[in-house]
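Dear colleague,

I am handing over the structure we spoke about, and below it I have set out what was found. Please read the notes with the structure open beside them.

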Amino acid sequence: MRKIRKFALILIISNLLFGSDKVCSLFPSSLYSFKNIQNSAKVCGTNIIYSDALNTFNGECYTDEYCSDIAKCNMNAYNGDKYNPNLLSSNGSNTPLCNNYSCELNETNYNSYSYNSAKNITFKATKPCPYDSNKKCMTFKDLTLQNGDFELTFYPGDYYFNTLNLNSHTTIKLKGDGVVRIFINNGDFKIKGNINKGTILNPGNSHNLFIFTKGNVLVDSASIVKAFIYTKGDFNNNVGNNFKLYGAITSEGNINVNNGTYVYTGKKGGIFYNCNNSNVSSDTSDICREDIIESGCVDMPMGCSGGYNCKKTIPIKNTTNTPLENVKVYYDESGVGGTIFDDCGVDPSGSCQTITNIQIGSIKYLNKATEFSFDNNVTGSDNDVWVKDTGGICLKDDNFYVTYVKNGVLHQGKLSKCIDNKFDAYDNDKDVDNRVITTKIVNKDFNLTIAHIVDGKLTNFTGTVCVRIESNEYNSSWHKLYFNNESKKNESFKGIDRAIKKADVYILSKQNVNENCPLSDANVSYSSDNFAVRPYKFIIVAGKKHKAGEEFNLTIKALDYENNIVSNFNYDYNKSDIGLVIKDNKNCNVSYDIDSNLSFVNGEANLSLKYLEVGDINISVGEKYNEYAKVDEDDTADKYRFIKNGDIDNILVIPYRFDVNANYQNYKGLSFTYLSKNLDMNSTINLNIKALNKEENITKNYSNECYAKDVDVNISHSGVNSNEIDKILFKVDNENENNISSLKTIEFNISKNYFSNGEANNSVYINFDRKPNNPINEFNFTIKDINVSNIDNVKGNLVLSQDANFRYGFLKIDDLTSYNKDINTTITYYYYKNDNWLINKEHNSSDFGDVKDYMPKNNISLSLGEIKKGKESVKISTTHALPYSAKIHLAIPSYLWYHPLAKEYKAPSNTNTDCLTHPCFKITFLKSGSGWTGLGNSNSKYNENNKTVRVKLKKETNATIHKFNKLNW
């Protein structure tokens, strides 16, 4: 990405250019540097401390002390203001412990806790502070962490601890962009992990964390800290060069630097000066300014531009590879009237002022001058700017002046314009008109063109060129190139062993020499394009079988080109940034929920996924937005810029459970069921099975077309008297009939073909083995429990406890005689109870069974009437000349057939007239006056022509007997 380096400036107006308010210091004051903290204290420090600085430093310096050599700085007792904040007390409460691996604490008063295993704890201050209602406060007693890796995350606010004992590896992170202040009343503060590391690439974010402790600060493990720390005790770095600080430290005791790296990122503070005015140089060639960039300006007289909304940006550039300290730019406004600099800068320190009769070294400028101070050192990689509303002032080239300190020497004089004479670096397949560096891959070698460019054109150069790749946290080894009257060279670079969000190429050049790298007093160039070094790909590690709606973890690892984990890859993706693609292998429904962001720590992240359907799925995870290599979005295509997706295939998601619903009822929902061995009549279980996810929603993919599997069903029941009934008969829907021992549970399999949109509906028909010559008493049959499961051990259960009533029934009709061609009689329906035959008064319709057919039909017609309370009227007629007699064979439901000598029921036919296989009765039509008469009496309501001979059933034999009296024989 084409880079524009811009850093904010601070406008400083002082009475003297070099006043007496500077201090000699080993560390800049964390109080001066930290936002919203009192700034009256001054402590010892310098902008950047290297490993050869003092290993031990005691005390602090007077405010009017100057030093030309840090090693010779006189140490005297500090007589300034010390920092003594009014610490809030912690009352404690009965708030429960954080029992889960991750939890959030967000109340005001907390008790003392000690944790002995790894946890992620978030602190969220919610109560207004007593000293500032706009701030949020949280108080705690004692917090001790040991025996595990801990992560503490703080929301913006002030946090007060009595003690904070970090006895185990602990990482401290900040949530959001606000300021976090941590105050510790007692005990030492141990640094045993990274603190606020997530913002190292943005030095200004050190201002978001301030830590105060009354005890000592002890660095006990390799750590990177982004904070400002004030300790009333000692500061001891016990790990040497494995410690890095970005920010500042103030100590009222001893400071043990011990070869650590200390980078100052504050806005104010003690500055290391060479205060000897005799050691001053007028050479200001180390720094130059680029062309002024105008915005909102209009043309003015005398070739000027300005206006009320006019703003002008002046880029400032260090042309060397040596840091320049305390850089200040001045503009001489002599003789200029009108409004001067209405806008005092991006971080104004007060109202605009003018300074008269200013001495800059030996050069004197009359009338007016305005001073602009940078917020940090101008290093070779800086390109600082200042932006001002000129209010109509002409910015003349000769009116710019600069002061800075280089290697302890004060430089002051003219600030000249930069000359476009530089080295640049770009991809080998690019050219001088398209100087870009595309995204690189961790541990993959790459090539760059190193070119000498003057006024935009390739220009020959003779001399030594030193090149390295660098970023805020990484410097490669030097590459030496010797140009022999050449304009460019191709150079191969070994793959970089870490991920870098923003790197560039640092180039030193020295004409007409052949020296080793790095060069001293060399010209400095930087590649005009930044680039990122990204992991090669993601891989996903996850279990291969999960339950629908239940969260499961995807472990995502970032690998380099050699398939090793990129251990420094620490990057956060919001849910919306994640390119998560889930495909079902049968193109069935896809439904899921992501319950977390994707935060990589040391090259590894965990993504919590909840898949709401069932299926066989493939998962792909990659970058969608906020890609790691975003710096290259304008010069690198997506497929090369985005980290390669991680994929995992054939993850099986099964139902969380089966939901079982059912009801058990008599035949057609009526009041009883006749025993029937061929299930012509049956009791019925109406069964519904749904495949659910953990959220109790139907998984519609559990269907025949997608992922349904056969379901085994087990039904427990009350049982029957095995001496009377030895078989239970059942079938499912229209499938084959089954029979099992009356002592066994009912078991069967429901085919996956029955499932549609996640549920199946089935009817289970149940009855019992029935013998036509052995009646048994009425009984109730109870369905108790229904249990279902499939091959994946997905289960469901229903406690039903519903009954059906079973009765042994039969149909009876007597032999009949009449003096007419029509006979009216009755069919009676019986059932067996308490060892007796009773009329079944609940048999009220043909739904319970009726005469289906009869024979013979020649000369005979039989018509049925209404069934009521177990009785049915029947009319039998003949067309035959009288007298006439016939035997009638009835076709009935088999479950109504009974005879003490009965065989298995068989419907009557031309080939079956066996009356032990179906009901038979005899009818006789007599001719009137034939000399026969039926039994009767003179009070009968029937006339002579309709009198019949009644045939009665003997109870003890259940046999039919015709009774006739012979009259006038």
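In what follows, a residue is called buried under 20% relative accessible area, exposed over 50%, and partly exposed in between, with a 1.4 Å probe and protein chains only. This is a predicted model, in which local features need pLDDT of at least 70 and side-chain atom pairs count only at pLDDT 80 or more, while totals for chains, interfaces and linings use all residues. Residues are numbered from 1 along each chain as its sequence is written, and side-chain values use heavy atoms, with hydrogens and water left out.

A search of the whole structure gives 4 disulfides, a disulfide being a pair of cysteine sulfur atoms within 2.5 Å. Among them is the link between cysteine 915 and cysteine 920, with the sulfur atoms 2.0 Å apart; it is left-handed, at -100° about the S-S bond. Cysteine 915 is partly exposed at 24%, and cysteine 920 is likewise partly exposed, at 22%.

Another disulfide pairs cysteine 129 with cysteine 137, at a sulfur separation of 2.0 Å, and this link is right-handed, with 105° about the S-S bond. Cysteine 129 is buried, at 4% relative accessibility, and cysteine 137 is also buried, at 4%.

A further disulfide connects cysteine 466 and cysteine 517, S to S 1.9 Å, and is left-handed, with -90° about the S-S bond. Here cysteine 466 is buried, with a relative accessible area of 0%, whereas cysteine 517 is partly exposed at 22%.
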